[in-house]
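This briefing is a set of notes to read beside the model.

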Amino acid sequence: MKHTLKAIAAAAVMAFAANGQALAQDKTKACFIYVGPIGDFGWSYQHHQGLLDVEEAMGDAVETAYLESVPEGADAERAIERFARSGCDIIFTTSFGYMDPTNKVAGRFPDVKFEHATGYKREHPNVSTYNSRFYEGRYIQGVIAAKMSEAGVAGYIASFPIPEVVMGINAFVLGAQSINPEFKVKVVWANTWFDPGKEADAAKALIDQGVDIITQHTDSTAPMQVAADRGIKAFGQASDMIEFGPETQLTSIVDDWGPYYIERVKAVHEGTWEQVDVWAGLKEGHVVMAPYKNMPDDVAALAKETEEKIRSGEFHPFTGPIKKQDGSDWLAEGEVADDATLLGMNFYVEGVDDQLPN
Amino acid sequence: MLESILITVATAATPLLIAAIGELVVERSGVLNLGVEGMMIMGAITGFAVALTTGSPWLGIFAAIIVGALVSLLFGFLTLTLVTNQVATGLALTLFGLGLSGMIGESFVGRPGIRLGTLDIPVLGDLPLVGRLIFGQDPLFYISIMLTAAVAYFLFSTRAGLMLRAVGDNHVSAHAQGIKVVRIRYLAVMFGGACAGLAGAYLSLVYTPQWVENMTAGRGWIALALVVFASWRPWRVVAGAYLFGGVTIGQLHAQAQALAIPSQLLSSLPYLATIAVLVIISRNRRLTMMNTPASLGRPFVPDR
């Protein structure tokens, strides 16, 4: 709703920009579409930080625009198309649900470059996809959770049952079970990416059910605050949420999109843009772990060691033997999951205390 | 555990109750203000910003009430004085509030807020089961119940309440009787705005003490629905808000218990339960008609 106001402002800016085009012929216009408000201090906030990084790095060579709180679905297609018409050279669509609309619009605007986050469809040569290997961070969190939990049960606030989220839950469980094979994870689906009240309620429900560690795959800081209130530990999401739980946050998976955005916008500017499918993690600096805090030194050391092993490529979180939830074999001893399976993940591994919604 | 679940339910229900009780008075006077969401979010940012700047949550709450009333005054001026369409103006108010609050709140993102403390009564608060539930909640919980009682008494036991309902039922006859229709509607609209502001402050100072854009996440619309659900009777709003809150929290617990029910179905339960009850209570059409303000949403120009 708020984007309506912003859109009016954006339209005014665009009109102004059109007048000034004679002055700045070689400016590259980079446009961003966010699923939440830039003030969510989570997912969309971090993407917007990436936009600001682009502005800072490229200065006058770039012009940016963004639309926030764009619902996934029909609205998204209109928003993307409007950007494409308004002279954007490259458009970043930053949510899984923008996948089909992005490809649809890309077909109609072959000269505009499209970059879709977290998806897997590249139906036209002008569509790239990019994602971060968040599961690497989730595995580390699982290791920490198993070390820190006295109850042996963690609570997981999840958004929607899409592969990205399921993969995260599995990685967390595998990390925890590498320390404590009996470790359990309770999952609550909020069926929203962003609703502070509901996320807080989910955290309270999980704590009342006996979990003593909270982790989340939703975007607000509310669960962190509830955990702080109830005196248990929690993991942040997307940004460093330490301010909301100075004695609560163990670590947080911080999404750092800046380097990738700068690289891609520069490529458009210099005419070297090519279709890619990027899936980068700790190694490339797309996934950054917030400082390990509120845990004993030996746990922090173990977390760092695990992080280093994943970064160096010595260890992959999805390494067999791993069984699926129903007890059937998935990966044999030493076998490593391939990216395609991970990106389409629609099953739990053994040990998740939940029925996967389908 | 039960005690803590019940407290969680009360926390979820209170903002809905406060906003809905305000809107109920507005609608009883014959005005439909769809801007509850916008007024609520303005209350949320005002409460948060003032509390953080001054260090006093109570000042924040007071400011949120004032701002809620002021924003609703804008709606009142447009719909009552300029006689614009109430539905369109209300929707515009929601968009306006969401946009403006995001702009004001930009510098408050990512800052932890101040929580309004809970009552702490010795002895009584330590009673088993009901101790914290009845004696240990946040002050606004008690205010929400007292507000309901006050509105119920005002509407059905006072002369002013009778006048307000008369205006809502038939503004032409009320006007002919010498009742100042527009003035009463202005006051009702402002009361509704003040309540919505208070409900917003509840979100940013009690429920989740932080500011994030869009943090009302549709609660204003639920409050609007609750008024219809309650067939414009104050105590039924309490029932509706607690039913909705109860089912919301209940389904989260069901999920945490790993019940073999799809989570999407569980998530829709609060809405399904509300609709089911609505269908049952509106079977008696005569009773429903009797409670519905007959002039709801209809414009009134005194000298026409």
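**Around B:Ala223**

Leaving aside neighbours within four places in sequence, B:Ala223 is in contact with B:Leu16, B:Ala19, B:Ala20, B:Glu23 and B:Val36; two residues are in contact if their C-beta atoms, placed from the backbone, lie within 7 Å. The model is predicted: local features need pLDDT of at least 70, side-chain atom pairs count only at pLDDT 80 or more, and totals for chains, interfaces and linings use all residues. Residues are numbered from 1 along each chain as its sequence is written, while chains are lettered from A and ligands numbered from 1 in the order in which they are written.

- B:Ala223 lies in helix H10 (residues 219–229) of chain B; helices (H or I, at least four residues) and strands (E, at least two) are DSSP runs, numbered from the N terminus.
- B:Ala223 counts as buried because it has 30 C-beta neighbours inside 10 Å. A residue is buried if 20 or more other C-beta atoms lie within 10 Å of its own, exposed if 12 or fewer, and partly exposed in between, with C-beta atoms placed from the backbone.
- B:Leu164 is 59 residues from B:Ala223 along the chain, and the two C-alpha atoms are separated by 21 Å.

**Helix H1 of chain B**

- The axes of helix H1 (residues 2–28) of chain B and helix H9 (residues 181–207) of chain B come within 7 Å and cross at roughly 170 degrees. Axes are lines fitted to C-alpha atoms, for helices over the stretch in contact, and angles run from 0 to 180 degrees between N-to-C directions.
- The crossing angle makes H1(B) roughly antiparallel to H9(B); angles under 35 degrees count as roughly parallel, over 145 as roughly antiparallel, 65 to 115 as roughly perpendicular and the rest as oblique.
- Residues of H1(B) that meet H9(B) include B:Thr11, B:Ile18, B:Gly22 and B:Val26, and those on the H9(B) side include B:Ala188, B:Phe191, B:Cys195 and B:Tyr202.
- The contact of H1(B) with H9(B) is made up of 17 nonpolar residues, four polar and one charged. Ala, Val, Leu, Ile, Met, Phe, Trp, Tyr, Cys and Pro count as nonpolar, Asp, Glu, Lys and Arg as charged, and the others, Gly among them, as polar.
- B:Ala10 also lies in helix H1 of chain B, and it counts as buried, with 21 C-beta neighbours inside 10 Å.
- Apart from neighbours within four places in sequence, B:Ala10 is in contact with B:Gln137 and B:Phe141.
- B:Ala10 and B:Gly245 are 235 residues apart in sequence, yet their C-alpha atoms are 7.3 Å apart in space.

**Chain A overall**

- Chain A has 11 helices and 15 strands.
- The radius of gyration of chain A is 21 Å, close to the 21 Å that the globule rule gives for 358 residues, so chain A is as compact as a globular protein of that length. The radius is taken over C-alpha atoms, and the rule is 2.2 Å times the number of residues to the power 0.38.
- Along the principal axes, the C-alpha atoms of chain A fill a box of roughly 65 × 45 × 40 Å.
- Of the 358 residues of chain A, 53% count as buried.
- Among contacts in chain A between residues at least 6 apart in sequence, 64% join residues at least 24 apart.

**Strands and a helix of chain A**

- An open sheet of six strands runs in the order S2-S1-S3-S4-S5-S11 (chain A), with parallel pairing; two strands pair if DSSP finds at least two bridges between them.
- Strand S2 (62–67) and strand S11 (277–280) of chain A are the edge strands, each pairing on one side only.
- The twist in this sheet averages 15 degrees from one strand to the next.
- Strand S5 (residues 127–132) of chain A pairs with S11(A) in the parallel sense over four bridges, and A:Tyr130 has A:Val278 in S11(A) as its bridge partner.
- Strand S6 (residues 153–158) of chain A is largely enclosed by the rest of the structure, because six of its six residues are buried.
- S6(A) pairs with S7(A) in the parallel sense over six bridges, with A:Val153 opposite A:Lys184 in S7(A).
- Helix H4 (residues 99–108) of chain A has buried residues including A:Met99, A:Thr102 and A:Val105.

**Contact between the chains**

- In all, 34 residues of chain A are in contact with 39 residues of chain B.
- On the side of chain A that touches chain B, H7(A) gives the most, with nine residues.
- The residues on that side of chain A divide into 14 nonpolar, 10 polar and 10 charged.
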